[in-house]
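Colleague: I am new to this structure and would like to learn how to read its features. Could you take me through them step by step?

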Amino acid sequence: MNITVYLLTLGCDKNRVDGEIMLGRLVGTTAFLPIDDPAQAEVIIVNTCGFIREATQESIDTILEMASYKLDPTTPCKALIVTGCMAERYKEETKTEMPEIDAVLGVKDTDIIVETISQILSLDLKPTTKDLNQIRAAATSYTHNPHIAHIKISDGCDNACTYCTIPSIRGAYKSRPMEDILAECRLLLDASAKELVLVAQDTALYGTDIYGEPHLHKLMALIAALPQKPWIRLMYAYPEHITREIIQTIAITPNICKYIDMPIQHSETDILISMGRQSTKEGLIEIINTLRKEIPGIAIRTTIMVGFPGETVEDYRNLYNFVKEVKFDRLGVFPYSREEGTPAALMSKQVKPHVKQARLEKLMTLQQKIHQEKQQTQIGHTLDVIIDESPQPGIYVGRSQHDAYEVDAVISFTSNQQFKPGDLVKVNITDAIEYDLQGVLVK
């Protein structure tokens, strides 16, 4: 039996991991065959995002698009299932307003994906008896980028930021035991992974709930010591929780990328307090300076929110000047989204949409200039590059340790040699074009 299934995951890397586990559960039954074309799928699963209004709308639009295959008599779709954060946040509304959907599974219900589909299709399918790590590894051959594996080291969040819906969707912060994570890493490395990306809502807090103190540095060191020596990349580490031990571990471990995703959201202390963050402007400056001093050449990525309630012209001007002076290596900017059920939604002095958009565009223009200047300094340097794809014969696209997949810049080069995704090569940088770099292979 080969029931064709199409899985579409929206949103963050944590959602990506959940999607791969669902796919692994289906593959483990030997009854399902993952495919890349929804028009040919008997089962379609939409793994939604519901973090902010725009993500929710994208999820709704995607569900409706996928529903068209089920309603089309010329396509084989017999089941449409919606999972993920939007499904968790708006479960009853989703069921009521989109009758084309056969099942709605929240983030805590995805372990019954096999039983759910079995019931819809009137089949007698049994879930696999393998453990979660084996289930996840079984799905890697069907993923777009099996050489990159995202490792969700915890779920949920305790930070209680006033703008965020994640705690209400995902629940309290819950770390996974180190031995469980290491077992998953070993299986994924055996299944061809070359880069392991550690993700959580706040990776820097890893272990505090089960070990009584932060254990991220210990976890990173153990993963780095695995025989395959994979690249290890740290994402979503809140600045207020980054410890001296984390910094030292990154600094002294060769295969831990000299890169950190550290979302600060704003520079001004009053705004940070209103956001429910524990940082201060002085604290941000201190941690940025420490990272750059202790880890020479580190690429610091951050995200910034503009237009939070109460953000004045002066607040924004100070934020702009902060970014201008700090010169983040990588930066994403997004407008504040007024989300129902959050404390910030009830705050006075909401900023008008056109003001938020103007502030965003001005900040991104500044960052584009900073980024281009930094990229120019790479010309003449030879970088280790992990290959991600070959869009045309002889043309290869990859990244250095300073860039995360699908998020940051890429490096392209041409070669008559044959490479595959995950191969590590040396490239001498010859040009910087807009955001990306070009180079020549060092033989």
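Modeller: Let us begin with a term: two strands count as paired if DSSP finds at least two bridges between them. Please keep in mind that this is a predicted model.

Colleague: Which residue is the bridge partner of Glu195 in strand 10?

Modeller: The partner of Glu195 in strand 10 is Trp231. Strand 9 (residues 195–199) and strand 10 (residues 231–234) are joined by 4 bridges, and the two strands run parallel.

Colleague: In what order do the 6 strands of the open sheet lie?

Modeller: The order is 6-9-10-11-12-13, with parallel pairing. Strand 6 (148–152) and strand 13 (330–335) each have a single partner strand, so these two form the edges, and one side of each has no neighbour in the sheet. On average, neighbouring strands of this sheet are turned by 20° against each other, direction ignored.

Colleague: Which strands does helix 8 touch as it packs on the sheet?

Modeller: Helix 8 (residues 178–190) touches strand 6 and strand 9, and its direction makes about 170° with that of strand 6. Helix 15 (residues 353–376), in turn, lies across strand 12 (299–306) and strand 13, running at about 175° to strand 13.

Notes. Residues numbered from 1 in each chain as written. Predicted model: local features only at pLDDT ≥ 70, side-chain atom pairs only at ≥ 80, totals over all residues. Heavy atoms only, no water. Axes fitted to C-alpha atoms, helices over the stretch in contact; angles between N-to-C directions. Contact = heavy atoms within 4.5 Å.
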